[in-house]
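Please examine the sequence and the three-dimensional structure shown below. A short briefing accompanies them.

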Amino acid sequence: MAWRRLFITLLIIAPILWLLAFGFQRDARYINSPLIAKEAAPFTLTMFDGRKVTLEELRGKAVFLNFWASWCVPCRAEAKDLEAAWQQIKEKNMVFVGVALQDTEKDSRAFLQEFQVTYPNGRDDSGKIAVNYGVWGVPESFFIDPEGRITYKHVGGIGAPMVKTKLAEALRGIVTAKEGRGESQSVR
Amino acid sequence: MLKSFSLIRRHITPFKRRTPRALPLPSETVLSSRTNVRDLRKISRCGSKQGFLPEFTLSLAEGVEMTERLLIVCLLFFATPIFAATAPDLDDRTRAIAAELRCVVCQNLSVADSPSEMAQQMKGIIREQLQAGKTPAEIKNYFVSKYGEWVLLAPSTKGFGLVVWLLPFVALLAGLGLGIWLLRRWVAKRKKREPNSVEPALLARVRQEATIGKAVEHGAEDSSQKSELIQERTRLYADLKELEFDFQAGKLSATDYGDLRQEIESKAVSVLQRLDALSESVQSKTAPKKPQKKTRAEKAGETKVAGLRGWRLAAGGAFLLLFGLALGVALTKSLRPRASEGDTMTGDFLTGTGSPATNSEVASSLQEGKAAFAKQDWAKAIDAFKKALASDPNQAEAHAYMGFILVQAGHADGALMAFDKALAVAPNLPMALWGKGMTLYQAKQDYAGAREAFEKLLRLMPPGQERSEVEKVLAEISPGGQPGKPPPQTASAAANPSNQISGKITLDPKLTANVDKQATLFIIARPAGAAGGPPLAVKKIEQPVFPLSYSLGSENLMMQGRPFAGKVTISVRLDKDGNPVTRQAGDLTGEYKNPVDVGSKNVDIELDQMAK
């Protein structure tokens, strides 16, 4: 009788405790993207040099799409690495596109100049591209395969080796369901 | 996938037309006339507001002249109030939808309530989609397709979200059910106990005897107790009869009758029981104690059961109380500031991320150290940072602060080690990079190393005042890894008397009485213009005798390798405890007001102030 009672008590308390522990372990702000392995939202980005780039015209290439802001520290940390990676794989069937978010044009330009970024970059001043990709902070990076499908998402700073690996995978259409996490991500 | 894609496509189309579909526009012919579209929109809004839209549109179709005239009238009289009146409608609708969406960069704030830029942009998107004629459900679906169910403040009533909706009601029902079940069990137990006192057989006997009117029986063995009981019984039977009579006569209501009857009957039953017990004891006088013993044992058993029940209740209550206390204490104890973005608020056993006590200890030691550091109380700061590092050797910030303290004390190598430790834990810690760079540059003259550290730091710093400072320092080191403007060589400076400051220190006669014989004199040189920060050079003289001649040179530098040059401010302190890092009441101080150049002579200072 006593054992049965204890068992029933535990049966009630254990799930509550588990729920508590589960709740505390989670980062309430983290948003798991529902977009992985889905069609990437098309966009038209006006670049800082005035030209336009659309996702449509990048079909057939693996695309590395990076959302950044000049005020974001991890973005600064990764900027040089990204440019280095771009220099190394420029010739292949891969493209980099940078999207500045929640940033003034002046600051963005200064950032690009500072890190001597040569890959195409533009500003998403209305935030529409960002929302279309479910962005909730910077930096966030997306890898898109030649068919226009998101194969991988990385939240936070990313390094050159990861960019190269995941771009190569994207080129072959390999999807990584689990999101990558890098050095802390900034929100404003 | 196809569905979401088409949704995206629909959204992506730029919404150039800003007119809400709800408001009818004038016909195409009018639109193509001279009047421009924007003005017409105002008219149509103006018209719809006034409720004469049909006639008005008709007049529009009739001729442009009329249109223009009306337009002017309308613009003159209605334009402003109308804009004020129609815009809130869209604003309200935008707000209503935004209130149901979670701001993606905040914590538990709706898009409507969040002041963040991202939320403003999301509101802009909602507004545009509303203007494009999308329904609120479609707009919410759009955001869900991008951010998942997470973005809805109220989860959907499908799938797992349904659980969230139903769970409270299920819990409520379960609680209600449990309550009812417990109550019923309780009542049933009580009922079961009651009939024990009123045995049906005895009750039947009471009823039977009462109706036939049991004769008063007097036996030879009458004891006073028994006759009393018999009298009582007779009286109760009479009461029962009377009650019956009253009820038949209609003097009593059925419920009153029932209640009274039950009461009298139960009394009678107990009298009968006592009578029976009495006659039994008379019959078996040879063993009169046996039944008594039995009842005592029974009673003991009963109290035992009752006691056990009480204990159980008490134990349950105590358990609940302890559980609540433990939970409360554990939770509050494990709370700590988030160390990083991905960190949780609770540590230790709840999440398996290190002991909460240590974490809060580390945090408080760190805080203490920083406060002491800001007050230049180096000894206290060292203690605090050491304590923090003892609890958590991976505290990058504590390592960095230790580095700064060490470099100020002239231990460049130790400082470099500390900065490297900090950088090993947090490679991008700006203060550690700054400290390493400065130490390498000024103390070690390792310009290439300093450059590397500063360049890395520069990459991490957003534009601002701090950044320009780093840039300035970096500019001093030329790209070749050599100093652009070589700092004055300190090696030769030691021998050079022109790199010394000398003068006399005197004591204010008024303060002679306050001089502690055991006190130590410190002569401190700080770079001119630096309000706080570490001193450039310090000379220590134990048990000084005034007046005193002094000289301060590069051998007194706090940080080796730093140039002892330029303008400095000189101050002196007669310190009671001889500890350079503490200041206490009774210490005598004096200052040479104007900054002096290194090489000056006759820098005479008077000790004329007393610290309070």
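The briefing covers the chains, their interface and the disulfides.

This is a predicted model, in which local features need pLDDT of at least 70, side-chain atom pairs count only at pLDDT 80 or more, and totals for chains, interfaces and linings use all residues. Residues are numbered from 1 along each chain as its sequence is written, chains are lettered from A and ligands numbered from 1 in the order in which they are written, and side-chain values use heavy atoms, with hydrogens and water left out. Chain A and chain B bury about 4,100 Å² between them, and the structure holds two disulfides over all chains.

**The two chains**

- Chain A has five helices and eight strands; helices (H or I, at least four residues) and strands (E, at least two) are DSSP runs, numbered from the N terminus.
- Along its sequence, chain A follows the order α-β-β-β-α-β-α-β-α-β-β-α-β.
- Chain B contains 21 helices and eight strands.
- Of the 188 residues of chain A, 53% count as buried; buried means under 20% relative accessible area, exposed over 50%, and partly exposed in between (1.4 Å probe, protein chains only).
- In chain B, which has 612 residues, buried residues make up 35%.
- Among the contacts in chain A with a separation of 6 or more, 73% involve residues 24 or more positions apart; a contact means heavy atoms within 4.5 Å.
- In chain B, 56% of the contacts between residues at least 6 apart in sequence join residues at least 24 apart.

**The interface between chain A and chain B**

- Chain A brings 48 residues to the contact, and chain B brings 46 residues.
- Of the area buried between chain A and chain B, 60% lies on carbon and sulfur atoms; buried area is the accessible area (1.4 Å probe) that two parts lose on being put together, summed over both.
- A:Phe24, A:Arg29 and A:Val131 supply 16% of the area that chain A buries against chain B, more than any other three residues.
- Two salt bridges are counted between chain A and chain B; a salt bridge is a side-chain nitrogen of Lys or Arg within 4 Å of a carboxyl oxygen of Asp or Glu.
- A salt bridge links the side chains of A:Lys128 and B:Glu128, at 2.9 Å from N to O.
- Helix 1 (2-25), helix 2 (73-89) and helix 4 (128-132) of chain A are the elements that give two or more residues to the side of chain A that touches chain B.
- Helix 1 of chain A gives the most to this side, with seven residues.

**The disulfides**

- A:Cys72 and A:Cys75 form a disulfide, with their sulfur atoms 2.1 Å apart; a disulfide is a pair of cysteine sulfur atoms within 2.5 Å.
- The disulfide of A:Cys72 and A:Cys75 is right-handed because the torsion about its S-S bond is about 90°.
- A:Cys72 counts as buried because its relative accessibility is 0%, and A:Cys75 counts as buried at 2%.
- In chain B, a disulfide joins B:Cys103 to B:Cys106, with an S to S distance of 2.1 Å.
- The torsion about the S-S bond of B:Cys103 and B:Cys106 is about 60°, so this disulfide is right-handed.
- B:Cys103 is buried, with a relative accessible area of 0%, and B:Cys106 is buried, with a relative accessible area of 10%.
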